[in-house]
Amino acid sequence: MQHYKYELDRSSKKYICPQCGHKRFVVYVDTATKQQIANNVGRCDRENSCGYHYTPKEYFENKTFIKSQPPITEPLKLPSYIDYDILLQTLKCYDRNIFVQWLVSVVGSDAAMRAVDAYKIGTAKNGYTIFWQIDTNNNVRTGKKMLYQTDGHRDKNGDNAKIAWVHTKYEHFELQQCLFGEHLINDNPHKQIALVESEKTAILCSVIMPKYIWLATGGCGGISPNKCKALYNKNVVLFPDAQKYKEWEQKAQKHLHNICNMVTISNYIETHATDKELQDGIDIADLLIKHDLKQYLSDDMVDLRCYKPQNQYQLYDGMEYETSISQINRLFNGVINLKIGEIYKITDNFEPSNYKIAVHAAYEYIQTHPNYTISENYNTIMRTE
């Protein structure tokens, strides 16, 4: 069998043909290095309508060889947008929006409608809810249409279970999704961000725990560099659904390492849900709904035990910890004797494992001493009164 120094690329890659402009061009590559020869050396698959074929032999004979040819790159594709007026036309008819009516029943009309206005929740035909994806520049990327039941769960019966997208009615639409709710970052650029999977959870938790900006990925696989660009240099807390902790931990390490300032993953569901709830894939909203939400509505936040890691991705692993007064005193330099306004920080001269113990100890202490508070970066205790 005869072997050639150059051959047409056997992979599925196709490039723009230099003659007809269609993406049907296959380049010649070096069989040893698999490197392409040049941008214009190859054959167009459109043999009848185009017929372009420039061989390596012709290329070298014409002495057009470039010693160091950069790889072919596709032109940058810009996202398409939906006219904002289309969104505005859906901000009505909430009396027949089943999801909105459920939200009202849970948190009350005033709180519900504030959330509806903030997240720009739309209404479609037959009671469907539209969750609009609006980026940080207030551009509408798409809208996700879903039908809910009166109990707040998605209607998964027959055709009602289907998710529809507003952008699908447009031709040649370049879809590049963003996080649900990310337009809210502009109003509070220094506020900590909480990231969950479902839009429903983000909306409900924004009412219960307004200390955070609540965003949603729209699905378990929604954590990606492109979709999470708005999280650049932000402090983010991830609230994965039941049995998704490890998966989100891996995604955080892989995709958010070079984006966020700090990432923390909450294990609240894993430590508070029952075995059945874990099997059912419960999320933080489902768990909170099982309790009397009225006790939370007047608070700035609910303590979900979100612990700061020693570095960005050395996450809490369930290590045992002490809660004794001596332990807290040692790690916080005598927090018991604080005067009003004084600040004590966790010392820096101990092992990372002790750092986790210190954070746990601090949280245990402030739970029983309401006149103390802990800082947002979880390493400082201050007496407030």
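1. Basis. This is a predicted model, in which local features need pLDDT of at least 70 and side-chain atom pairs count only at pLDDT 80 or more, while totals for chains, interfaces and linings use all residues. Residues are numbered from 1 along each chain as its sequence is written, and side-chain values use heavy atoms, with hydrogens and water left out.

2. First sheet. E1-E2-E3-E4 is the order of an open sheet of four strands with antiparallel pairing. E1 and strand E4 (53-54) are at the edges with a single partner strand each, so one side of each has no neighbour in the sheet. Strands here are DSSP runs of E of at least two residues, and helices are runs of H or I of at least four, numbered from the N terminus. Two strands pair if DSSP finds at least two bridges between them.

3. Bridges in that sheet. Strand E1 (residues 6-8) is joined to E2 by three bridges, and Tyr 6 has Asp 30 in E2 as its bridge partner. Three bridges also pair E2 with E3, where Val 27 is opposite Gly 42. Between E3 and E4 there are two bridges, with Arg 43 opposite His 53. As for burial, six of the six residues of E2 are buried (under 20% relative accessible area; exposed is over 50% and partly exposed lies in between, with a 1.4 Å probe and protein chains only).

4. Strand E7 (residues 140-146) pairs with E8 over two bridges, and Lys 144 is opposite Trp 165.

5. Helix H3. Which residues of helix H3 (residues 98-107) are buried? They are Phe 99, Val 100, Trp 102, Leu 103 and Val 107. Seen down the helix axis, these buried residues fall within an arc of 160 degrees, so they line one face of H3; the arc is that of the directions from the helix axis to the C-beta atoms.

6. Ends of H3. At the start of H3, a side-chain oxygen of Asn 97 comes to within 3.2 Å of the backbone nitrogen of Phe 99. After the helix comes Gly 108, with a positive phi near 95 degrees.

7. Aromatic residues. The whole structure has 11 aromatic pairs. Rings of Phe, Tyr and Trp (its six-membered ring) pair if their centres lie within 6.5 Å; planes under 30 degrees apart count as stacked, over 60 as edge-to-face and the rest as tilted. The ring centres of Phe 99 and Trp 102 are 5.8 Å apart with planes at 40 degrees, so this pair is tilted. The two residues are three apart in H3, about one helical turn. Phe 99 has 1% relative accessibility and Trp 102 has 6%.

8. A charge over Trp 102. The charged end of Lys 200 sits over the Trp 102 ring, 5.2 Å from its centre. The criterion is NZ of Lys or CZ of Arg within 6 Å of the ring centre and within 35 degrees of the ring normal.

9. Most residues other than glycine have a negative phi. Lys 34 has a positive phi of about 65 degrees; Lys 34 lies in the loop between strand E2 (25-30) and strand E3 (42-44) and is exposed at 52% relative accessibility. Cys 93 has a positive phi near 55 degrees. This cysteine is in the loop between helix H2 (84-88) and H3, and Cys 93 is partly exposed at 28%.

10. Cysteines. How many disulfides are there? The count is zero, a disulfide being a pair of cysteine sulfur atoms within 2.5 Å. For Cys 260, the closest cysteine sulfur is that of Cys 228, 7.2 Å away and too far for a bond. Cys 260 is buried, with a relative accessible area of 5%. Cys 44 is also buried, at 1% relative accessibility.

Technical notes:
Polar contact = N/O pair within 3.5 Å; in protein donor to acceptor, adjacent residues only side chain to side chain.
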